[in-house]
Every structure is written in C-alpha cells, then in structure tokens.
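Let's explore a protein chain together, one question at a time. Keep the view open and look up each residue as it comes along.

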Amino acid sequence: MNQNNLETNQTMWYPPGGILIWMIVLVEILTFCLGIGSLLYDKSKDLTTFSFMQSHLNKTFAFWNTVFLLTSGFCIAIAVFYKTKNKLNVFTFYLITSILFGFAFLTLKFYEFREKWMLGFDLETSNFFSYYWLLTGFHYLHVVVGILILFIIYLSRKTITFENLEAGAVFWHMCDLIWLLLYPALYLIQ
C-alpha cells in the first residue's frame, strides 16, 4: 500500500478534530445524561414539588439562550467551511459572531442565575434546584471553556491547523448538544 492510500484511509476513518476530542465529548455527554436521568427519576418520585419548583424558572431566558447557542454553533460551522475555502475574512467574521453569541448566552444565563439567587433559590432549596444549579452551572463552565477555545482559535486564525479548528468546533457543538438536553429536561418537561 503506498503512502497516499494510507493517508486517504486514515482521513476517511479519522473523526473531525481527532479521536481525543470525541472521547472527551462522549464522556461529557454520558455525564450529563446520567445527571439528567437522575433528575427525571427523582422528579417522577415527587412530581408535585418538582413541578412547583420548575414553575420558578424563566422559560423566556431559556428559549433565547437556546437561540443564542444554536446560532453560535451555526456560525462556527460556517466559519469552518470558509476556512476550508481559504477565505480568512469571512472565516474571521463568522468566528467572531460565534464568540459574540456565546457571550450573549453567558450574559443572559448570568442574569438568570442572579435572579434565582436573589429569590433565595440555591442548592439547598430543593432537590430540583440542586439539579438546576449543578447541571446548568456545569454547562455554564463548559461554555466558558468553549469561548476560551474559540478565542484561542481567533488569536491563531492565520496559522491554526484544520484539525485543531475542527476540535474546537466539535467542543463548541458539544456545548450546544448538552444544552439541547438540559433545556427540555429542566424547563419544558412537566
């Protein structure tokens, strides 16, 4: 087998961003799924209390945060596309737009956290709010890390390898996916 065929076979079976980022994504998704599963199990045992506590969440904020994260994820996907076309200006525009929508998520989520804290809903208020703070707080941390990764990509936008760019985009899409699991589990499912 010549070298070109070997490279073609490796790239055909090698996931975007490299295998390590996909292992991280798998562990993170499983961790959140376990937390959400535990939330839903506990909720099924005390539906009245959980539903009452859930009614104190701001569904409007959660909806807009979903829009912000999905728009940001869309923008990073478009940025990766334009990087493959060597269109640095368009790539940079979509990368910055992705970062800004990520900041919009963090800002609105911060206001939601502040609102809950000021109303006295903390980790010890109820089982529901323990799950709320742990799951959304852990996700918030992931979004902060994701924005830092996108900012590093921005700083190295002229020299970044495509594999590193893809790895950053995969991490950012993981943040989207986790939120798409948290949003209905915490805010919508009665």
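Q: Which residues does Glu28 touch, not counting residues up to four places away in sequence?
A: A friendly note first: this is a predicted model, in which local features need pLDDT of at least 70, side-chain atom pairs count only at pLDDT 80 or more, and totals for chains, interfaces and linings use all residues. Residues are numbered from 1 along each chain as its sequence is written, and side-chain values use heavy atoms, with hydrogens and water left out. With contact meaning heavy atoms within 4.5 Å, Glu28 touches Phe138, His142, Met174 and Ile178.

Q: Which helix holds Glu28?
A: Helices (H or I, at least four residues) and strands (E, at least two) are DSSP runs, numbered from the N terminus. By that numbering, Glu28 lies in helix α2.

Q: How far from Glu28 is the nearest side chain of opposite charge?
A: Side chains of opposite charge can pair when their charged atoms come close. Here Lys and Arg count as positive and Asp and Glu as negative, while His and the chain ends are not counted; a salt bridge is a side-chain nitrogen of Lys or Arg within 4 Å of a carboxyl oxygen of Asp or Glu. Glu28 is buried (under 20% relative accessible area; exposed is over 50%, partly exposed in between, with a 1.4 Å probe and protein chains only). Glu28 has no salt bridge, and the nearest side chain of opposite charge, Lys109, is at a distance of 16 Å.

Q: Which residue forms a salt bridge with Lys109?
A: Look in helix α5 (residues 88-118), where both partners lie three residues apart, about one turn of the helix. The closest N and O atoms are 2.8 Å apart, and the partner of Lys109 is Glu112.

Q: Is Glu112 buried or exposed?
A: Glu112 touches Leu57, Asn58, Phe61, Asn65, Tyr132 and Tyr187, leaving aside residues up to four places away in sequence. Because its relative accessibility is 0%, Glu112 counts as buried.

Q: How many salt bridges does a search of the whole structure find?
A: Besides the pair of Lys109 and Glu112, the side chains of Glu115 and Lys116 meet in a salt bridge, at 2.6 Å from N to O. Glu115 is partly exposed at 29% relative accessibility, whereas Lys116 is buried at 1%. The number of salt bridges found in the whole structure is two.

Q: Are α2 and α7 roughly parallel or roughly antiparallel?
A: Axes are lines fitted to C-alpha atoms, for helices over the stretch in contact, and angles run from 0 to 180 degrees between N-to-C directions. Under 35 degrees counts as roughly parallel, over 145 as roughly antiparallel, 65 to 115 as roughly perpendicular and the rest as oblique. Helix α2 (residues 19-45) and helix α7 (residues 162-188) pack at about 10°, with axes 10 Å apart. That angle makes the two helices roughly parallel.
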